[in-house]
Amino acid sequence: MPKTKKTKKVQKKFTLDCTHPSEDRILDAADLANYLNEKIKVGGKTGNLGTSIAVQREGNKVNILSDIAFSKRYLKYLTKKYLKKQNLRDWLRVVATNPTTYELRYFQINQEDDEE
């Protein structure tokens, strides 16, 4: 009797940390979670999440749980697209803090005046 390999379902969890912009009331984490829920494509179709992908909001953080192949880079792409839509792309950037987390940070602008 041949042995068949059983593949384990690997559940991936990604986190988007929106703490700084949410505290300054620039960005709404609930609106971002809703946007991701509408725009994530599964099988080439938007709005086809089913039970394979879940988008949840916990305070100022948005968690994405996936039972299927889902890239972190795609999450960054959608987040940048959302920031562009809200005209926040000039002030905020998406930075990876660890292998499963992105954080929205402000651009660091030097306030120094060079006097001659």
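Helices (H or I, at least four residues) and strands (E, at least two) are DSSP runs, numbered from the N terminus. The model is predicted; local features need pLDDT of at least 70 and side-chain atom pairs count only at pLDDT 80 or more, while totals for chains, interfaces and linings use all residues. Residues are numbered from 1 along each chain as its sequence is written, and side-chain values use heavy atoms, with hydrogens and water left out.

**Figure 1. Overview of the chain.** The chain has 3 helices and 7 strands, which follow the order β-α-α-β-β-β-β-α-β-β from the N terminus. Of its 116 residues, 34% are buried (buried: under 20% relative accessible area; exposed: over 50%; partly exposed: in between; 1.4 Å probe, protein chains only). The accessible surface is about 8,500 Å², and carbon and sulfur atoms hold 45% of this surface (Shrake-Rupley method, 1.4 Å probe; for residues, only the protein chains shown count as cover). Among contacts with a separation of 6 or more, 56% link residues 24 or more positions apart (contact: heavy atoms within 4.5 Å).

Figure 2. β1 and β5 are antiparallel and joined by 6 bridges. Asp17 lies opposite Lys61 of β5.

**Figure 3. The largest nonpolar core.** This core has 26 residues, of which Leu36, Ile40, Val62, Ile64, Leu75 and Leu83 touch the most other members (nonpolar core: buried Ala, Val, Leu, Ile, Met, Phe, Trp, Tyr and Cys residues joined through side-chain atoms within 4.5 Å). Two or more residues each come from β1 (12-17), α2 (29-39), β4 (53-58), β5 (61-66), α3 (72-85), β6 (92-98) and β7 (101-106). Helix α2 gives the largest share, 5 residues. Beyond four places in sequence, the contacts of Val62 include Phe14, Leu16, Ala29, Leu32, Leu36 and Val55.

**Figure 4. Surroundings of Leu32.** Leu32 is part of helix α2 and is buried, at a relative accessible area of 0%. Apart from residues up to four places away in sequence, Leu32 touches Leu16, Cys18, Val62 and Tyr82.

Figure 5. Side chains of opposite charge can pair when their charged atoms come close. The whole structure has 1 salt bridge (a side-chain nitrogen of Lys or Arg within 4 Å of a carboxyl oxygen of Asp or Glu). Glu103 and Arg105 form a salt bridge with an N to O distance of 3.4 Å. Glu103 is buried at 12% relative accessibility, whereas Arg105 is partly exposed at 33%.

Figure 6. Arg25 is not a glycine, yet its phi is positive, about 60°. Arg25 sits in the loop between α1 (19-23) and α2 and is exposed, with a relative accessible area of 77%. Asn87, also not a glycine, has a positive phi of about 60°. Asn87 belongs to the loop between α3 and β6 and is exposed at 58% relative accessibility.

How values were computed
Pairing = 2+ DSSP bridges.
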